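Me: I would like to go through a protein structure by question and answer. Please show it first.

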Amino acid sequence: MCGIVGYIGGQQAAPILLDGLSKLEYRGYDSAGIAVYNGEKIQMVKSTGKLKALEELTQGGAVLPGFSGIGHTRWATHGSPTDVNAHPHFNKDCSITVVHNGIIENYLKLRKKLEGKGYQFVSETDTEVLAHLLDYYYNGNPLEAIVKVLYRVEGSYALGILFKDFPEEIYAVRKDSPLIVGQGKEGNFIASDVPAILKYTRDVYFIENQEIVKLTRDSLNFYNIDEEEVQKESTRIEWDMSAAEKAGYEFFMLKEIYEQPKAVADTLYPRLKDDGIVIEELGMTEEEIRNIGKIYIVACGSAYHTGVTAKYVFEGLARIPVEVDLASEFRYRDPIFQPNTLVIVVSQSGETADTLAALREAKSRGVRTLGIVNVVGSSIAREADNVMYTWAGPEIAVATTKAYSTQLIAEYLLAIYFAKVRNEIDSRQFEDMLHDLKKLPDQIEFLLGGKEKLQHFANRYLATEHVFFIGRGIDYAISMEGSLKLKEISYIHSEAYAAGELKHGTISLIEENTLVVALVTQKDLYKKMLSNIQEVRTRGAFVMAVATAGNTEVEKSADYVVYLPETNPYFANSLAVIPLQIFGYYVSLGKGLDVDKPRNLAKSVTVE
């Protein structure tokens, strides 16, 4: 999400900033800006749209002379994509300017405090809070002001900061969001990722959480949050440019698979406050939540699969009847809307044509709507009565991974919150679920560590023609997504079936060495799934099982088992989908296909 570049040295800064930002376009963005100190003041130019617009406005950087500056490509989170909301952001007298990646979770509280002190805000962003907060604490010592800000802000951030009073310095700091420092022969750099500066230097420093760096033309000084200087060693980058743009990954899909722990945490943690769930953007009173009589979840593709999982979670926890509809079919079946119905539409891009049409149908019938989307300012975000954002960041590969995982998190949070408000779960159950939710990012990280075994297994099935995924309950929903991942990027025929339906026709397709992937994560359905595994194995199938740790009995029935860490059964999808994504990825890779851009598919389906 977003991109930061900063430079201080002996060359004109603006052209270097523009060039660096161009190398970060893959990260996704909707606006861009640069700020340069020209010897008297900090000059800023920013614009919505592609970087080309900014290049034209600045004549390739020529209209912004100066030897130090910071630049940014913004992917909108707080506030729609506009020139005003674009970065950088100034303090009140334009003597401090900031670029920021990440999310400041407590920005509303800080904004209210600063407004009470007389500060005036011109944007909708959380980033402007940082500029004014730096101004509030600044007394002539930049390092001291930055440290005080770090103690006040909550969330994730990577910052580049210019102080007019210190024109020979640039400051940078990070927490969770990536930021590197480059040391060159003709100046020093900060950047969100290596591609931005690889043209100028291959010697980089990786900043740790809550470390601060002061850059001058000839020196780098690193500090911890106690303002103590720390020593760091540089790393020599040996990647070529194409690999560096993917942060060392061969394909964006694999990179995005590995970004899931952070994406899940970014979607989850801002909504976990004071031992509870706070969904500020929901816009519903507790009385309105208690009065919900029915929920429709409407989506396409992988988003639809999250809705199938969410049906089990909402009905099981909140005791609200749920229907899940494919958006392309929703309008045409003339749905019956009862009073107090809520329609939840789910879309990564917020522009999916069928989903948008379903939203408009619901609104035309006077039904309350809630959008779950990843792109701020998208059509669904603007038109839904309320919107809940997932903070997956831009997803470049066509086959979704981290957007899917963050949609699940949003739906879990809604279901648990509704259940608590409706008194369908007690405080102990609520606390236990929050505990399990908080463990998910680390558990996903753990599963990612097993990719080599899955790669070896996947290589055995490069020539297979048919694969079947089976499961019961939530495991059936997981099967649907696992099957889609495999077919869309490997072009292997794959189907998902409710395991109880095998005897109603599907089992006739099972032949010797047919691969069957069996999901076995639901305790109440465990023994029934073992019976289904035996059914297909007896007919010659090779069975790969995905089961929860400790359920070793499955080894007697399956040929290959992937074990998941223990979690609440309602959250099993978040873990089980990881090995299925990795399996699909390596089958596609082994077949020599373009994993990121499968044939005939587009990232955002904007036509019916």
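Me: How many helices and strands does the secondary structure of the protein come to?
Reply: This is a predicted model, in which local features need pLDDT of at least 70, side-chain atom pairs count only at pLDDT 80 or more, and totals for chains, interfaces and linings use all residues. Residues are numbered from 1 along each chain as its sequence is written, and side-chain values use heavy atoms, with hydrogens and water left out. Helices (H or I, at least four residues) and strands (E, at least two) are DSSP runs, numbered from the N terminus. On that basis the protein has 19 helices and 27 strands.

Me: What radius of gyration does the protein have?
Reply: The radius of gyration is taken over C-alpha atoms, and the globule rule is 2.2 Å times the number of residues to the power 0.38. For 608 residues, a compact globule would have a value near 25 Å. The protein agrees with this, at 25 Å.

Me: What percentage of the residues of the protein count as buried?
Reply: Buried means under 20% relative accessible area, exposed over 50%, and partly exposed in between (1.4 Å probe, protein chains only). Of the 608 residues, the buried part is 61%.

Me: In what order do the 7 strands of the open sheet stand?
Reply: Two strands pair if DSSP finds at least two bridges between them. The pairing in this sheet is antiparallel, and the order is S5-S6-S7-S8-S12-S13-S14.

Me: Which strands stand at the edges of that sheet?
Reply: An edge strand here has a single partner strand, so one side of it is left without a neighbour in the sheet. The two are S5 (89–90) and S14 (229–230).

Me: How many bridges join S6 to S7?
Reply: S6 covers residues 96–104 and runs antiparallel to S7. One of the pairs is Ile-103 with its bridge partner Ser-156 in S7. The number of bridges between S6 and S7 is 9.

Me: Which residue in S8 is the bridge partner of Ile-161?
Reply: S7 (residues 155–163) and S8 (residues 170–175) run antiparallel and are joined by 5 bridges. A hairpin of 6 residues links S7 to S8. The partner of Ile-161 is Tyr-171.

Me: Why is S7 largely enclosed by the rest of the structure?
Reply: Both faces of S7 are covered. On one side the buried residues include Tyr-157 and Phe-163, and on the other they include Ala-158 and Leu-162. S7 is largely enclosed because its buried residues number 9 of the 9.
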